[in-house]
Amino acid sequence: MLLKKGDTGPAVERLQTALAKQGLYIYRVDGDFGQKTEDALKAYQQKLGVKPDGILGDYVAGKLGLVSVPAGAPANTKPVIVLTAGHSLIDPGACNGKFTEAGIVREVRNGVTAILNSRGYKVINDGTGTDNQPLGKAAALVKQGKIAIEFHLNAATSKSATGVEALAQSKDKAICQKLCSALANVLDIPVRGGNGGWKDEGSGQHSKLAYVSAGGIILELFFISNDAELKKYFERKDQVFTAIADVLTEAFN
Ligand SMILES: [Zn+2]
């Protein structure tokens, strides 16, 4: 879904109604995307912490509950996707200043889930909102999906360590490479290692292997310890969510 200033019609009416429910659009619902609608949308984007460009994309549409299922669409035959957040409420993972790995990967889990829901996918999570169940519970969900991804951030003592990588069994090598390439593009960071970002299950930290052994993918989105990468994530997070959702949508449509 993509709506911007100048657009008209029922989709704009639904957007205006949704923004009105948020208390941000106090004018007549007329299906005409003008300045007042743009201002209201920008205010909502700001509230979500994404770039306030006044253009409605999939992530914000999902958050507003604007599900775009065409009339007369067949029953949902899309595969179930499992998305989980690394670490837990009592284990923050790596940190940089006030930011924790667990906090950021929960946000990624929720953001990608909102987009996939808006595209008609059923997504199973290890908790909603700020909930984040521990690894054992997350690993137990892996088999419930056609694909399962657990989000993590990398960290290193060297502030300059950089890039994206994914840890998985060889069956998931191709999708790992696509995910890494898409994230490298959006964040303008390198893909790590000689395998397009994919690393086989034996090469990761021992504590994460339960998820991979169960058949899931550990996606190390970027380095939280790298200040520039962290900053780019905050500037582009809606694009990060969309990039991941796009790879999954293309692979499992
Ligand atoms: Zn981690």
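Start by selecting D58 and R119: their side chains form a salt bridge, with 2.5 Å from N to O. (A salt bridge here is a side-chain nitrogen of Lys or Arg within 4 Å of a carboxyl oxygen of Asp or Glu.) You're looking at a predicted model, where local features need pLDDT of at least 70 and side-chain atom pairs count only at pLDDT 80 or more, while totals for chains, interfaces and linings use all residues. Numbering runs from 1 along each chain as its sequence is written, and side-chain values use heavy atoms, leaving out hydrogens and water.

Next, colour residues 10–63 as domain 1 and 81–251 as domain 2; these bounds come from an automatic or database domain assignment. Their centres, taken over C-alpha atoms, are 29 Å apart.

Between the two domains, the salt bridge count is one.

About 720 Å² is buried between domain 1 and domain 2, with carbon and sulfur atoms giving 60%. That buried area is the accessible area (1.4 Å probe) the two parts lose on being put together, summed over both. Select K51, D58 and Y59: in domain 1 they lose the most area to domain 2, together 61% of what that side buries.
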